[in-house]
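Here is a short briefing on one protein model. Look at the sequence and the fold, then read the points below.

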Amino acid sequence: MRAAIGKYVVLPSEEALTAVTLWVAATHIQTALQHAPRLAVVSPTKGCGKSRVLDVLHETVHQPMTTVNTSPAVIFRIIGKNPPTLLVDEADTIFGPKASGDSEILRGLLNAGHQRNRPAWRISGPDHKPTPFPTFAMAAIAGIGDLPDTVMDRAVVLRMQKRKPGERVTPFRSRYSVPELNALRDQLAAWLGPLRGQAARMVPQMPVEDRAADTWEPLVIIADLAGGHWPAQARAACLAMTRHEAVQDEQSSLKTRLLRDIHRIFARADNPEALATQDLVASLLQDAEAPWAEYGTKGLNAYHLSNLLRDFNISPANYRFDKGRQAKAYIRNRFLDAWARNCPDLVEAAPEPEHGTAPARMAQGKPPTAPAGTLPVGPPGGPAGPRRTL
């Protein structure tokens, strides 16, 4: 199974390949497990192989249920004593800033379903009786950008990247790929079926603690059942991947701090269309309580700033200021999407245009003025622009 998965997708590391293989196997004994780890398949951009990972999982996991935008009500009713394995694609459309109210319900369901005996109560039936709906089910969730923190905290995380020019994979073709993967799935299920009772009684030694131990325990149980090199490999993968996520969490909080500080600097300057890179860096360094003066070896510089903002698809551009001065600068409009996604308390949604009303035309070289008292949260380059102070 490990070789077959590695043949069709390029995963971030050998540890990630080990983890995915063990996760697939764990779906076949999830009725014996106390925790149902999520598999978070995330990437900074499209075209990184997330959907291909779900294609492979669909043919190898226990009773797959693939969905893009299903409602929480459907999931409540499909999870039972022998739950399916949920495969959720395009999660960024579910949990993004424009998501429906169902997104919070779905997030709560995914959080509760990480642990056995955490039902969701709903009024159901003609008698309107309070009814518990089971939530326990393993789930793989793919999307651009990180999932909500509470979901990531309960997940084995695959951070996918685009393939390098020299990296090759076998094309995934249903005619021959599906039968191969299905045969491996059936062999795996036949091996693990008689071991459910043993798996339920196992209390493996874990190299991590708390929720990370809960999440990785099913994978380590599979490895201990397999024996050989698998127990050591599983624990090594657990340590490497949880440590990597700890670093990512630290970086993520730092980047969020940067977005907030930049928002404050723009606001203090009366929200100009752009700020020169050197001026923005200087303003960041002036805050004695911020970490920027101690960032790197000599403090934050333009190169550091560009690297930190790259994941948000924000980069400097040539800009013509007053009196013909040109310089590298950061355009405020490019931050709107990142602020809306990562610092939603800093912005409020602009009102939707009335039906039949044509969108405002862009003034040449300048974005249109936003309605008074609002800060649009449209994507960079979208029809809405920043608030202008007169």
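Start with accessibility: a residue is buried under 20% relative accessible area, exposed over 50%, and partly exposed in between, using a 1.4 Å probe and protein chains only. This is a predicted model, where local features need pLDDT of at least 70, side-chain atom pairs count only at pLDDT 80 or more, and totals for chains, interfaces and linings use all residues. Residues are numbered from 1 along each chain as its sequence is written, and side-chain values use heavy atoms, with hydrogens and water left out.

**Salt bridges**

- A salt bridge puts a side-chain nitrogen of Lys or Arg within 4 Å of a carboxyl oxygen of Asp or Glu. The structure holds 14 of these salt bridges.
- Lys-7 pairs with Glu-180, and their closest N and O atoms are 2.9 Å apart. This pair links distant parts of the chain: Lys-7 sits in helix H1 (residues 2-8) and Glu-180 in helix H8 (residues 174-192), 173 residues apart. Helices (H or I, at least four residues) and strands (E, at least two) are DSSP runs, numbered from the N terminus.
- Lys-7 counts as partly exposed because its relative accessibility is 31%. Glu-180, at 27%, is also partly exposed.
- Asp-146 and Arg-159 form a salt bridge at 2.9 Å, N to O. Asp-146 is in the loop between strand S6 (139-144) and helix H7 (149-152), while Arg-159 is in strand S7 (residues 155-159).
- Asp-146 is partly exposed at 45%. Arg-159 has a relative accessible area of 18%, so Arg-159 is buried.

**A salt-bridge network**

- Arg-257, Asp-261, Arg-264 and Asp-287 are linked in a network of salt bridges.
- Within it, the side chains of Asp-287 and Arg-257 meet at 3.9 Å, N to O. Asp-287 lies in the loop between helix H12 (277-286) and helix H13 (302-310), and Arg-257 lies in helix H11 (residues 230-268), so the pair ties together parts 30 residues apart in sequence.
- Arg-257 is partly exposed, at 29% relative accessibility.

**The sheet**

- Five strands make an open sheet with parallel pairing, in the order S2-S3-S6-S1-S7. Strands pair if DSSP finds at least two bridges between them.
- Strand S2 (64-67) and S7 stand at the edges with a single partner strand each, so one side of each has no neighbour in the sheet.
- Strand S1 (residues 38-43) pairs with S6 in the parallel sense over six bridges. Val-42 stands opposite Gly-143 in S6.
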